Amino acid sequence: MSAFVPPEPPAFAAASPRERTARIVTETLAPAHLVIALLLLVGAHSTEGWSGTGWGLLAALFCGVVPLGIIALGVRRGTLTDKHIRIRRQRVVPMAASLLSVVAGVALLYALDAPAEVGALVVAMLAGLVSALAVTVWWQVSLHNAVAGGAAMILVLAFGPVVLPLAAAAPVAVGWSRLVLKAHTPAQVLAGTALGGICALVFTLLR
């Protein structure tokens with residue numbers, strides 16, 4: 001079992017310019033933000049007109065908004081040190097609760113006959129969350145990079161190789177920021193990216 005404990009990040013005002021940039025990247029490309037943006041993009045792409053965006057919004061509620069609320073509640077109650085949950089042992093409960101939310105989202109989307117691409121994406125997210133939770137029990141993989149790597153793969157699968165340069169920039173930028181902030185080791189960043197990318201292949205099997 002991993003004994004890695006990341007240090008508390010420096011206060012923004014006391015951070016170096018490099019650390020400030022890393023903080024901005026980490027906050028902007030946080031997992032829930034990427035999940036919500038990806039669901040909206042794929043949702044809009046799944047149908048003609050605005051109905052696809054509506055499906056994306058519904059999926060984002062269960063996969064992004066509810067998990068954000070679970071983490072915010074944990075921080076407020078003091079059971080979580082911060083919204084990025086840098087302490088590994090604190091991750092299991094909010095991840096498990098988020099897993100239940102995603103399962104509920106999958107069930108509702110399939111019951112309502114959501115577009116195939118939206119349903120496939122949420123199932124891929126479910127696979128990624130289950131895999132990340134299993135790894136988290138014994139090792140601190142980078143959840144930021146797992147989501148960024150998965151998002152990059154999904155974008156390429158959904159929109160084609162034309163988006164590859166932009167899609168690949170996300171996991172690279174996120175990985176750089178996590179290393180600068182000493183939130184993860186290089187191995188944890190690479191493993192997270194690979195895990196997300198592999199789980200994203202579920203999308204192409206189900207769409």
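## Terms and model

Helices (H or I, at least four residues) and strands (E, at least two) are DSSP runs, numbered from the N terminus. This is a predicted model: local features need pLDDT of at least 70, side-chain atom pairs count only at pLDDT 80 or more, and totals for chains, interfaces and linings use all residues. Residues are numbered from 1 along each chain as its sequence is written, and side-chain values use heavy atoms, with hydrogens and water left out.

## Two positive phi angles

Most residues other than glycine have a negative phi, and most peptide bonds are trans. Ile85 is not a glycine, yet its phi is positive, about 45°. Find Ile85 in the loop between α3 (51-77) and α4 (92-111). Is Ile85 buried or exposed? Ile85 is buried, with a relative accessible area of 6%. Buried means under 20% relative accessible area, exposed means over 50%, and partly exposed lies in between (1.4 Å probe, protein chains only).

Asp113 also has a positive phi, about 60°, although it is not a glycine. Asp113 sits in the loop between α4 and α5 (116-136). Asp113 is exposed, with a relative accessible area of 64%.

## Salt bridges

Side chains of opposite charge can pair when their charged atoms come close. A salt bridge here is a side-chain nitrogen of Lys or Arg within 4 Å of a carboxyl oxygen of Asp or Glu. How many salt bridges does a search of the whole structure find? The search finds three.

One joins Asp82 and Arg86, at 3.8 Å from N to O. Arg86 is buried, with a relative accessible area of 17%.

## Links between distant parts

Glu27 and Lys83 form another salt bridge, with 2.9 Å from N to O. This pair links distant parts of the chain. Glu27 is in helix α1 (residues 17-28), Lys83 is in the loop between α3 and α4, and they are 56 residues apart. Glu27 is partly exposed, with a relative accessible area of 25%.

Glu117 pairs with Arg207 in a salt bridge, and their closest N and O atoms are 2.6 Å apart. Which parts of the chain does this pair link? Glu117 belongs to helix α5, while Arg207 lies in the segment after α8 (186-206), 90 residues apart. Glu117 counts as buried, at 12% relative accessibility. Arg207 is partly exposed, with a relative accessible area of 37%.
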